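Let's learn to read a few features of a protein model together, one question at a time.

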Amino acid sequence: MSTLKVYSTSVTGSREIKSQQSEVTRILDGKNIKYELVDISQDNALREEMRVKAGNPKAIPPQIVNGDHYCGDYELFVEAVEQNTLQEFLKLA
């Protein structure tokens, strides 16, 4: 089974990014969905990896990936939660 990864950063001046990251992890925790938090602020290679997987050279956290499959960003995550399609969005279904 592939690992769900949430790319985030512990170093940001953006309240919006902090709030989005904590909402994603809060929802995943609340639904008992296991994931690995990948802190891109620790290593530029991780930031590059996140951007390559997202297919966007300017992608910012949070970005969600399941194995080799890019799931989406915060907006798509919230949309999936609202539409009750989170399992499909996370490629778990």
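Q: Which residue in β3 does Lys 5 stand opposite?

A: Welcome to this predicted model! In β3, Val 65 is the residue opposite Lys 5. Strand β1 (residues 4-8) and strand β3 (residues 63-66) run antiparallel and are joined by 4 bridges.

Q: How many bridges join β1 to β2, and do the strands run parallel or antiparallel?

A: There are 4 bridges between β1 and strand β2 (residues 36-39), and the two run parallel. For instance, Tyr 7 has Val 38 as its bridge partner in β2. To get from β1 to β2, the chain passes through helix α1 (residues 15-30), making a right-handed β-α-β crossover.

Q: How many residues of β1 are buried?

A: Strand β1 is mostly covered, with 4 of its 5 residues buried.

Q: How do I read a pair of aromatic rings?

A: You look at the distance of the centres and the angle of the planes. In this structure there is 1 aromatic pair. The ring centres of Phe 77 and Phe 89 are 6.1 Å apart and their planes stand at 70°, so this is an edge-to-face pair. Because Phe 77 belongs to helix α3 (residues 74-82) and Phe 89 to helix α4 (residues 86-89), the pair ties together parts 12 residues apart in sequence. Both Phe 77 and Phe 89 are buried.

Q: And which residue forms a salt bridge with Lys 53?

A: In general, side chains of opposite charge can pair when their charged atoms come close. Here the partner of Lys 53 is Glu 49, with 4.0 Å between the closest N and O atoms. Both residues lie in helix α2 (residues 44-54), 4 residues apart, which is about one turn of the helix. Lys 53 counts as partly exposed, at 28% relative accessibility.

Conventions
Residues numbered from 1 in each chain as written. Predicted model: local features only at pLDDT ≥ 70, side-chain atom pairs only at ≥ 80, totals over all residues. Heavy atoms only, no water. Phe/Tyr/Trp six-rings, centres within 6.5 Å; stacked < 30°, edge-to-face > 60°. Buried < 20%, exposed > 50% of the residue type's maximum accessible area, 1.4 Å probe, protein only. Salt bridge = Lys/Arg side-chain N within 4 Å of Asp/Glu carboxyl O. Pairing = 2+ DSSP bridges. Right-handed = clockwise from strand over helix to strand, strands pointing away.
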